[in-house]
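Have the sequence and the model open side by side before you start. We'll walk through the fold one piece at a time.

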Amino acid sequence: MGRAALFCAAAAGAEQERRHRRPPPLPALVLLFSLGLLLHAGDCQLQTPCRIQKCTTDFVSLTAHLNSAIDGFDLEFCKALRAYSACTYRNSKVCRGNLVYHSAVLGISDLMSQRNCSKDGPTSSTNPEVTHDPCNYNSRQGVREHRGGEQTAPTYLFCGLFGDPHLRTFRDHFQTCKVEGAWPLIDNNYLSVQVTNVPVVPGSSATATNKITIIFKAYQDCTDQKVYQAVTDDLPAAFVDGTTSGGDGDTKSLRIVERVSGRYVEMHARYIGTTVFVRQLGRYLTLAIRMPEELVMAYEESQDLQLCVNGCPSSERIDNSGHLPLPVMAQALTHGALSQTWNTYTLENASSKCHEKMLVKDIYFYSCVFDLLTTGDANFTAAAHSALQDVEALHPRKERWHIYPRSGCIGWENGVSLSLGLVCLMLVVFL
């Protein structure tokens with residue numbers, strides 16, 4: 001028999017015998033009253049259990065798809081926090097003796113302070129059927145998954161281009177290409193990205209990007225077609241039509257954010273869940289993009305030439321079956337040429353220069369060293385470093401941020417095996 005039932009039976013028995021017994025002493029009355037309150041509290045908890053776990057589960061569900069680097073994160077996170085707080089308030093009475101509840105309340109308060117969230121404002125709905133934004137990819141995705149009976153976060157993919165140029169595809173394959181002239185990075189039903197590459201130094205097949213054209217295609221009532229174009233020394237904070245956003249309402253479905261004037265802009269396309277970073281470092285441009293997998297793969301057979309999807313054609317690869325030819329000036333330095341050559345970087349000081357920015361000797365570090373030996377341009381150090389920062393901001397899987405050369409290709413930064421190291425530097429397919 002439960003505590004509540006025992007309490008009720010005892011109360012009934014006490015009522016029957018009340019007339020035949022003398023009143024108990026005052027201390028005994030106090031003790032019985034206290035026990036009665038405790039048992040009654042247990043009875044209430046049996047009828048209405050503490051639901052703090054449900055509050056926490058709902059909060060995790062509301063924030064699982066959010067990424068702090070994506071535009072609108074603070075707004076959505078604060079809405080979810082307010083919904084979490086409201087849920088704990090509704091359970092405050094039945095959970096007042098629950099340590100998990102009190103920990104949650106303190107945690108919510110701390111998070112609100114850290115994110116500068118106001119206590120008053122809109123809250124996230126735990127029922128996607130009730131409210132959703134048709135021009136917000138994450139909201140749309142949630143509605144569809146809810147109707148299908150499953151709720152899983154959408155899969156995002158990352159692609160980046162930087163340096164001479166080095167390409168990281170949507171499948172995390174790493175390649176070094178020449179691809180001189182105009183080439184499509186992305187060309188699907190929602191987005192087109194084209195880059196133009198030019199030679200960087202005489203005697204080398206290496207190129208770098210000096211022009212980027214991005215087309216956000218029209219989508220339902222969310223945005224008209226918008227075109228963005230950047231060239232060396234002209235990195236605008238607006239589309240070619242002079243606007244800085246697309247879509248109606250206070251929360252634009254597409255907008256440009258200038259982070260560093262003339263040097264770094266971000267484009268946030270909420271309606272397709274896509275974020276693009278464009279930077280100028282030295283004389284050349286870099287690009288990084290995060291996009292949902294289902295949209296990346298939404299293209300026709302005629303659109304299969306996409307560097308981010310399928311990598312560079314074999315004829316455009318600087319590395320041939322895993323072998324990368326030595327940079328021209330590095331060959332000269334290796335054979336004891338005098339220092340009057342325009343590139344004064346040796347393997348040792350190039351490695352030291354790159355190590356100042358990148359402590360982890362992954363493929364971005366080795367790309368930096370290769371670029372310095374190829375061009376003598378220190379700006380390529382910043383390009384490799386910012387490319388890695390973009391990966392950390394946009395790539396959805398932390399365990400894949402760093403890519404390392406295969407065994408047998410290490411040790412060349414110590415000058416022991418320069419030729420072997422540069423040959424092995426850009427082994428072409430990394431998983």
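This is a predicted model: local features need pLDDT of at least 70, side-chain atom pairs count only at pLDDT 80 or more; totals for chains, interfaces and linings use all residues.

Residues are numbered from 1 along each chain as its sequence is written, and side-chain values use heavy atoms, with hydrogens and water left out.

Let's begin with the whole chain. The protein chain has 13 helices and 12 strands; here helices (H or I, at least four residues) and strands (E, at least two) are DSSP runs, numbered from the N terminus. Of its 431 residues, 45% are buried, where buried means under 20% relative accessible area, exposed means over 50%, and partly exposed is in between (1.4 Å probe, protein chains only). Now take the contacts between residues at least 6 apart in sequence: 59% of them join residues at least 24 apart. A contact means heavy atoms within 4.5 Å.

Next, find the sheet. It is an open one of eight strands, in the order β3-β2-β1-β12-β11-β10-β9-β8, with antiparallel pairing. At the edges sit β3 (174-176) and β8 (245-246), each pairing on one side only. Two strands count as paired if DSSP finds at least two bridges between them.

Now zoom in on β12. On one side, strand β11 (residues 274-281) is joined to strand β12 (residues 284-292) by seven bridges, and the two run antiparallel. Arg 279 has Thr 286 as its bridge partner in β12, and Leu 281 stands opposite Tyr 284. The hairpin of β11 and β12 has two residues between the strands, and Gly 282 takes a positive phi near 70° there. β12 also pairs with β1, again in the antiparallel sense, over six bridges.

How many of the nine residues of β12 are buried? Nine of the nine are, so the strand is largely enclosed by the rest of the structure. In a regular strand the side chains alternate between the two faces of the sheet. In β12 both faces are covered: Tyr 284, Thr 286, Ala 288, Arg 290 and Pro 292 are buried on one side, and Leu 285, Leu 287, Ile 289 and Met 291 on the other.

Helix α11 lies across β1, β2 (166-168) and β3, running at about 160° to β2. Helix α12 (residues 379-394) packs on the sheet too, touching β1, β2, β11 and β12, and its direction makes about 165° with that of β11. For these angles, axes are lines fitted to C-alpha atoms, for helices over the stretch in contact, and angles run from 0 to 180 degrees between N-to-C directions.

Then turn to helix α3 (residues 52-63). Its 12 residues reach 17 Å from the first C-alpha to the last, close to the 16 Å expected at 1.5 Å a residue (the expected span is 1.5 Å times one less than the number of residues). Ile 52, Cys 55, Asp 58, Phe 59, Leu 62 and Thr 63 are buried in α3. Seen down the axis, these buried residues fall within an arc of 125°, so they line one face of the helix; the arc is that of the directions from the helix axis to the C-beta atoms. What they pack against is α4 (73-90) and α5.

Finally, the disulfides. Counting a pair of cysteine sulfur atoms within 2.5 Å as a disulfide, you get seven. One of them links Cys 135 and Cys 222, with the sulfur atoms 2.1 Å apart. Cys 135 sits in the loop between α5 (99-114) and α6 (137-147) and Cys 222 in the loop between β6 (207-216) and β7 (226-231), so the pair ties together parts that are 87 residues apart in sequence. This link is left-handed, with -95° about the S-S bond, and both Cys 135 and Cys 222 are buried.

Another disulfide joins Cys 159 to Cys 308, S to S 1.9 Å. Cys 159 is in strand β1 (residues 156-162) and Cys 308 in helix α8 (residues 307-310), so parts 149 residues apart in sequence are tied together. Both Cys 159 and Cys 308 are buried.
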